[in-house]
Each structure stands twice: as C-alpha cells, then as structure tokens.
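Here is a short tour for anyone who likes to look at geometry before setting up a calculation. Please keep the viewer open as you read.

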Amino acid sequence: MSARTLDGKALGQRVLQALAPRIARLSQQGITVKLRVLRVGDDPASKVYVGAKLRACQAIGIDGGDIELPAQITPGAIFEQISMLNRDRSVHGILVQLPLPRGFDPHLIAMQLEPTKDVDGFHAVNLGRLLQGRARFIPCTAAGVIRLLDDAGVELRGQNAVVIGRSEIAGKPVALLLTERDATVTVCHSKTRDLAAYTRNADVLVVAAGRAGLIDGSMVKPGAAVIDVGVNRTDAGALVGDVDQVSVAMRAGFLTPVPGGVGPMTVAMLMENTVRAAELQCLDENVQ
Ligand code: NAD
C-alpha cells in the first residue's frame, strides 16, 4: 500500500481561487485588502517565509508589504509601529513574523495588535475565542492542517488523533481544533515516554516537533492519516519534515509531503484570514 499524497500546494491554490469573489466584492466597494508584515532582524528563513506570503498576496490582489525593523530595536519602538498600523484604517491585517530575536517577548508583542487585525490569531483574545470554540482567526498552520484532512474526506469524529508538539503556533491549536471536531486527542511532546505507543494507536497523526526522522513507518497505524508539519534542513541543504516519507508512505493511508504539504496551506489560510479581517472591518453584516 502507498499512502495518498495530500497535496497542499494544489489545495492552497484552490483556497486562493475561492477568495477571488470575496476580494472582488470588497473591491466593488472601493476597498483594497491590505496586509502588513513586521519583520524584526534579518533571519534568513523568515525572509523566505515572508516572501512566500507577499507573493500570495500579489497573486490574488491583496496589497501586501513588509516592514523590516532592526534586531537592535526596542520593544517600545515595535509597539509604536504596531500602534500606527492599528490606527491606519486602510490596513486590515497585521502580523509579526516569528521567531523574534532573542530578548523579545512574543506574547507581549502579540498583545499590542488590534485583535480584529490579528490575522495570525495569536492575540490572547483570539486564542481565547479559539478555546471557546468561536474562533475569529484560527492560527494559520493549524487551520491548514484541518483543511487538508477535511479536503481528503478523513473522518475525525470519534477517531484517535495524536498531536506531537504543544507549541502555540502549531500543536496546541491543532489539538483544540481536533477536539472540537470530536476526535479523541492525545498531545505528545518532548517529555512523552514511549512515543510509539501513542502514535501506533493514531488514526490521525499530526507531527509538529521540528525533528527530522522522528516518525518512521513502524510507528504508524496502517491506513492512518499523517500530517507532517515539521520543516527541517538537512546538512546537505534539503528541506525535510519530521516524518520519514518513504517508510511512512508504505503504511499510512494519507500523507502530506514536505515541501508542498502544510507550508502552502499555512500561506493560503493567512490569505483567508486577511480577507476575513477586511470583511469584518468593512462589511457591516460580518461585524461580531
Ligand atoms: P517548537 O520548537 O515551538 O515546538 C516543538 C514541539 O515539539 C514542542 O512542544 C516539543 O515538546 C515537541 N518535541 C520536540 N522534540 C520532540 C520529541 N523528540 N518527541 C516528541 N515531541 C518533541 O516548534 P513549532 O514552532 O511548533 O514548530 C514545529 C515544527 O513545525 C518546526 O519544524 C517548524 O519549522 C514547523 N512549522 C512549520 C510550519 C509550516 O507552515 N509548514 C508552520 C509552523 C511550524
């Protein structure tokens, strides 16, 4: 058996295409959807990720732009930048690219964002709404994971789901969303003993640890849906996930590739959140 590939690149394109009428509707009212990305320091990986986000903006007619701030900037000066963007009515979405340089508190920075412009969904108000099951902006990677599973028709209700990783940007929101969809969810992490005992019982396995080769075929239940969130660079410079693609593809029913799985879905979900932000701010019927 070979797993069916869950093609995040193709699904991401479909998500972007589906946004076209919503962007056109806003445009008919004289509104150009606008996203601003704050980048602190010159982390090369962040530059690549922001580049992909801005290219997606360009492809669908969102006015995307980034603001580069020096790593030596004070938190107060970042707050001031955010405050200016919060007040600017032409800006609908704001995100602060992570990771931030050492010494900056991402929670404190996320709290400066106007919650209705927080398209990454990391402000405490938006994370709180997610916990309550009435999310306004679902964190993009987690939203992308669920969309991939839904698009493939993977049943979640009553299934055993195992999430590896408990970060706020990936593992925790994925676990919340799977719980809301009636899966029975186990969260594993770096202190989990006998990881394989959990993963072998998973109908749905989401791996977001950032450890290349963490999961091999022997750890996967036959027919399981395996979502590989991890992005790791090998010594040879190749991008790989957390899952050994060859051995896992032999056992799983569904598997996301790296690259081309969760990554493009994260970008597509950001575009969806940005359009939603513009609708929330500009179209009366969506205000909540
Ligand atoms: P993180 O470092 O904040 O969290 C990693 C989590 O994995 C932690 O909760 C830790 O306890 C757990 N973990 C680490 N080693 C483990 C082990 N050996 N066994 C079990 N659990 C272990 O990382 P993050 O920000 O959540 O990102 C995780 C991975 O996902 C990274 O590779 C990152 O690059 C990738 N990522 C990809 C996307 C995307 O769009 N494709 C988005 C976000 C993160």
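Which residue in S8 is the bridge partner of Val206? In S8, Ile227 is the bridge partner of Val206. This is a predicted model, in which local features need pLDDT of at least 70, side-chain atom pairs count only at pLDDT 80 or more, and totals for chains, interfaces and linings use all residues. Residues are numbered from 1 along each chain as its sequence is written, and side-chain values use heavy atoms, with hydrogens and water left out.

**The six-stranded sheet**

- Six strands make up an open sheet with parallel pairing, in the order S1-S11-S8-S7-S5-S6; strands are DSSP runs of E with at least two residues, helices are runs of H or I with at least four, and both are numbered from the N terminus.
- Strand S1 (4-5) and strand S6 (184-188) are the edge strands, each pairing on one side only; two strands count as paired if DSSP finds at least two bridges between them.
- The Val206 and Ile227 bridge belongs to the pairing of strand S7 (residues 204-207) with strand S8 (residues 225-228), which is parallel and runs over four bridges.
- As background, strands of a sheet pair through backbone hydrogen bonds, either parallel or antiparallel.

- Strand S2 (residues 34-40) pairs with S3 in the parallel sense over seven bridges, and Gly65 in S3 is the bridge partner of Arg36.

**The ligand site**

- Among the 21 residues around the ligand, Arg166, Ser167, Ser190, Val231 and Thr266 come nearest; a residue belongs here if one of its heavy atoms lies within 4 Å.
- By class, this shell holds nine nonpolar, 10 polar and two charged residues, with Ala, Val, Leu, Ile, Met, Phe, Trp, Tyr, Cys and Pro taken as nonpolar, Asp, Glu, Lys and Arg as charged, and the others, Gly among them, as polar.
- Helix H10 (residues 262-282) gives the largest share of the shell, three residues.
- Oxygen atoms of the ligand have a polar side-chain atom of Thr266 at 2.8 Å and a backbone N or O atom of Ser190 at 3.0 Å; polar contacts here are pairs of N or O atoms within 3.5 Å.
- For His189, a backbone N or O atom lies 3.4 Å from a nitrogen atom of the ligand.
- The ligand taken alone exposes 860 Å², of which the protein buries 72%; the areas come from the Shrake-Rupley method with a 1.4 Å probe.

**Backbone details to check**

- Leu98 and Pro99 are joined by a cis peptide bond with omega of about 0°, and Pro99 lies in the loop between S4 and helix H4 (106-110).
- Val258 and Pro259 are also joined by a cis peptide bond, with omega of about -5°; Pro259 sits in the loop between strand S11 (254-255) and H10.
- Asp182 has a positive phi of about 70° although it is not a glycine, and Asp182 is found in the loop between helix H7 (171-180) and S6.

Methods:
A polar contact is a pair of N or O atoms within 3.5 Å; within protein, one must be able to donate a hydrogen and the other to accept it, and residues adjacent in sequence count only if both atoms are side-chain atoms.
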